Amino acid sequence: MLSFVAHPDDDLLFMNPDQDDAIRQGRCVHTVYLTAGDRGEGLGYTLARERGIMAAYADMAGVADAWSTDGLVVGQHTLVRHTLRANPRVQLIMLRLPDPWLGEGWGSLTPLSRLESVPHARVRSYAPYPDTYTRGELVRLLADLIRQERPQAVRLMDPSITIPYRSLCWRCAGHDHPDHIAGARLVEAATTLAPGAYSRTAYLNYPSQELQANLDAAQTNRKTRIYLRYAKDDPRTCPPGTDCSRPLGPEAAWVGRQYYARNAAQPLQARAVQAARPRP
């Protein structure tokens, strides 16, 4: 199970309970994070978010939060890889592409959306394996990773939203984060370069909050607990000294929902998680 998301926590909010179910079924679950999620605060905040996401995956696996970190060689590139010691089938792969806060105007281009949409744009990843990518180079890296991983299933975010990046707005109906869209389109291009027998599932992101809650109480409670375990290590989501016993803002809606999106070549259509679960 090879999943691609833009930021640490996107998988917990938009791909759960599917990720959680796969781990509990004993499947290999490898998750790829395209950006560092640093909001312009540098590697220190990135590492805090990575600690949070590792703790959440250890929680899903029901084992100690102890990991081994090494470099995963993919073609000419090396990526950070965290492997859960008590369950090596769970791996987190970090590209650490810079992710500064969008600044004035929600639709401002992020490095990832610039890379996806602006000709000749380049982006350089953070340490310990700094590398510079053009759009084509990043797509080829992702395609090489798919070939190397040989997944039975690929999960990605929603590539189908056609609103121009500069026109996106926060919490407007039908809008999403530019990194979610750009990352999904880059992964979609990589799957074209690296076809295979794997299934492909795209997940609805921000717009899911506009739809009816579709997880039952047990699913919502477990998803909430897993997300809060991540949030405990994210000082922006859960600042020291604050009450982080429940999700706030749109996260409170997202933990009660999981929706799929249709292929980008088709009109967008959300489907309830109970109506059509991906095959295990």
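User: How many helices and strands are there in the protein chain, and what makes a run count as one?

Analyst: The predicted model has 8 helices and 11 strands in the protein chain. Helices (H or I, at least four residues) and strands (E, at least two) are DSSP runs, numbered from the N terminus. Local features need pLDDT of at least 70 and side-chain atom pairs pLDDT 80 or more, whereas totals for chains, interfaces and linings use all residues. Residues are numbered from 1 along each chain as its sequence is written, and side-chain values use heavy atoms, without hydrogens and water.

User: How do you know that the span of α3 agrees with its number of residues?

Analyst: The expected span is 1.5 Å times one less than the number of residues. For the 19 residues of α3 this gives 27 Å, and the end C-alpha atoms are 27 Å apart, so the two agree. Just after α3, Gly62 has a positive phi of about 70 degrees.

User: Why is α6 called largely enclosed by the rest of the structure?

Analyst: Buried means under 20% relative accessible area, exposed over 50% and partly exposed in between (1.4 Å probe, protein chains only). Of the 16 residues of α6, 12 are buried, so the helix is largely enclosed. Among them are Asp179, His180 and Glu188.
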